[in-house]
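Visitor: I'd like to learn how to read a few features of a protein model. Could you walk me through them?

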Amino acid sequence: MKIVSILAIILGFSQCGSSKFVENPSFKIEKAFYNNWKGGQAGVSGTKLEIHISNASEVEFESLFFQQIETEVEVSKDKNKTILIGHFSTSTREKRDLILDADPKKELKNTPPNIKKPKFELKENEAVLSYKKGNKLHYFKITEIKKERTSFFPSAKKQ
């Protein structure tokens, strides 16, 4: 093992952001689009990313990175096409106990937010698809993803 790899393991560094993207994967992106959605309750929202792929045999899709969020990919087959779906929560409703008090000592029990550096620097209409071919993990950058209309679920107020 290289010294750099050992240091990366010891120090917990990830090389995902600097890894090279696959230029010509064995599969073909037919179309990719996303839409935002608003739920029936205030603060409940998300984004659905859908990618249609052909020639995806011998490929195991892992996850999607989109708009600074990572999620596991949902895979379905439709005839000779593979459809990948990523569900990304953008809800602002958090279920955590937060202590707000005039006495700052009581606020020390609050859990600080978990802020992580994103794995990839992407534009709003770009995503990274991680997949395995054999035992090797690959990353493919999808660009120019089309944005569709926002969906409003019952009782959601249009904003």
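Guide: Gladly! Please keep in mind that this model is predicted. Let's begin with aromatic rings: a search of the whole structure finds 10 aromatic pairs.

Visitor: What kind of aromatic pair do Tyr-34 and Phe-66 form?

Guide: Planes over 60 degrees apart count as edge-to-face. Tyr-34 and Phe-66 have 70 degrees between their planes and lie 5.0 Å centre to centre, an edge-to-face pair. Tyr-34 belongs to strand S1 (residues 28–38) and Phe-66 to strand S3 (residues 60–66), so their pairing ties together parts that are 32 residues apart in sequence.

Visitor: Is Tyr-34 buried or exposed? And Phe-66, buried or exposed?

Guide: Buried means under 20% relative accessible area. Tyr-34 has 3% relative accessibility, so it counts as buried. Phe-66, at 1%, counts as buried too.

Visitor: Which residues form an aromatic cluster?

Guide: One cluster is made up of Phe-21, Phe-65, Phe-120 and Tyr-139.

Visitor: Now the backbone, please. How should I read a phi angle?

Guide: Most residues other than glycine have a negative phi. Gln-67 is not a glycine, yet its phi is positive, about 50 degrees. Gln-67 sits in the loop between S3 and strand S4 (69–72), and its relative accessibility of 26% makes it partly exposed.

Visitor: Where is Glu-144, and what is its phi?

Guide: Glu-144 is in the loop between strand S8 (136–142) and strand S9 (146–147). Its phi is positive, near 55 degrees, and Glu-144 is a residue other than glycine. With 58% relative accessibility, Glu-144 counts as exposed.

Methods:
Residues numbered from 1 in each chain as written. Predicted model: local features only at pLDDT ≥ 70, side-chain atom pairs only at ≥ 80, totals over all residues. Heavy atoms only, no water. Phe/Tyr/Trp six-rings, centres within 6.5 Å; stacked < 30°, edge-to-face > 60°. Helix = DSSP H or I, 4+ residues; strand = E, 2+ residues; numbered from the N terminus. Buried < 20%, exposed > 50% of the residue type's maximum accessible area, 1.4 Å probe, protein only.
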